[in-house]
Amino acid sequence: MIGVFFGLATGALFAIGAVLARVGQRHRPQDDGLLMTILVNVLVLGLIALTATPPPWSTAGVIGLATGGVIGSLMGRSANLRAVRLVGATRASAFMTGSPLVAAVAGWLLLQEDVELLEAVGGLIVIAGLLALVRARAAPTAMIEGQATVVDPKTRRIGFLFAAAAPIAFGLGFVVKKWGLLRYDDAVLGALFGTVAALAVVVAIDAMGGRIGQRLNENFRQIPWWFVGAGVAMSGALLTQFAALSHLDAWLVGVLQGTQGIFALLLGWLFIRKEERIDAWVVASVLLVAAGVIMIGLQR
């Protein structure tokens with residue numbers, strides 16, 4: 001059950017991060033918040049890592065954790081944040097339903113993970129509930145500069161492409177992180193290695209594109225506190241994600257993290273009411289997700 005708790009906490013914390021990032025994007029039209037959120041991850045996790053006792057060194061494990069961080073924390077988050085801007089936090093989060101399917105296939109191929117019947121049924125029920133959430137959030141509206149408006153079809157298609165790419169990256173990231181964690185078993189340092197690698201890639205990309213000076217100036221001349229808050233929430237999510245991976249198969253962590261869509265909806269309804277609404281589809285999705293999580297918990 002402790003793994004299930006950590007998995008749900010991961011979904012809740014990533015949802016908080018997504019909503020905070022969406023609010024920040026209102027004030028920063030040209031910035032998705034990727035650099036600042038990852039930088040905050042490195043700072044927060046680095047401070048926590050000072051209290052950690054490292055396990056025996058494993059080069060393969062550290063490389064796996066760093067690679068998983070680049071795939072998930074950079075590629076997955078970048079696609080997710082861009083989708084948040086284009087189609088909204090809830091719809092972007094709801095597309096994360098695909099990550100456990102990717103993780104299940106990759107976990108079977110790379111980690112020889114088996115899927116128990118009750119867990120599989122519970123996972124499918126959770127995914128069905130989250131797909132119901134996608135159905136509930138299908139209206140093509142978004143917030144642009146604080147005003148409700150209709151998103152043009154081309155922008156919506158691009159947004160959905162980014163939203164679909166995110167779970168692929170996150171699903172693969174789960175499995176690669178789990179592979180590294182099996183060889184270097186430390187949740188705090190594992191999360192830190194991944195975020196440091198992701199930050200290095202972001203800085204290198206911006207430097208090669210000649211944007212690093214502008215990016216640093218934008219983020220430090222006037223600090224985007226909404227992105228800082230998102231980074232703190234995502235730091236907590238990374239810690240609980242690694243803790244969940246220590247207790248559960250990678251695909252199950254993906255299923256539980258997929259509840260981010262439910263948490264994002266509730267938070268969005270509370271704080272960004274012009275973007276979110278509660279209806280029968282939403283109630284049905286919440287009930288299905290709850291039933292699926294209970295089934296997974298009973299197996300554990």
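Me: On what basis are local features and side-chain values reported here?
Reply: In this predicted model, local features need pLDDT of at least 70 and side-chain atom pairs count only at pLDDT 80 or more, while totals for chains, interfaces and linings use all residues. Residues are numbered from 1 along each chain as its sequence is written, and side-chain values use heavy atoms, with hydrogens and water left out.

Me: Why is threonine 195 called buried?
Reply: Buried means under 20% relative accessible area, exposed over 50%, and partly exposed in between (1.4 Å probe, protein chains only). Threonine 195 has a relative accessible area of 0%, so threonine 195 is buried. Buried residues make up 53% of the 300 residues in the protein chain.

Me: Where does threonine 195 lie, and which residues does threonine 195 touch?
Reply: Threonine 195 is part of helix α8 (residues 187-208); helices (H or I, at least four residues) and strands (E, at least two) are DSSP runs, numbered from the N terminus. Leaving aside residues up to four places away in sequence, threonine 195 touches Ile38, Asn41, Val42, Leu45, Ser73 and Leu238, a contact being heavy atoms within 4.5 Å.

Me: What makes leucine 110 count as exposed?
Reply: The relative accessibility of leucine 110 is 52%, and therefore leucine 110 counts as exposed. This residue is found in helix α5 (residues 99-110).

Me: Why is valine 115 called partly exposed?
Reply: Valine 115 has a relative accessible area of 44%, which means that valine 115 is partly exposed. Valine 115 lies in the loop between α5 and α6 (117-136) and touches Ala120 and Trp251, not counting residues up to four places away in sequence. From C-alpha to C-alpha, valine 115 and aspartate 249 are 8.7 Å apart in space, although 134 residues apart in sequence.

Me: What makes the largest pocket a pocket, and which residues lie nearest its centre?
Reply: On a 1 Å grid over the protein atoms alone, a pocket is an open set of points where a 1.4 Å probe fits, with protein on both sides within 12 Å along at least five of seven lines; lining residues have an atom within 4 Å of a point. The largest pocket is lined by 20 residues, and Asp32, Leu34, Ser78, Arg82 and Arg215 lie nearest its centre. Two or more lining residues come from each of α2 (34-49), α3 (59-87) and α8, and α3 gives the largest share, 7 residues.
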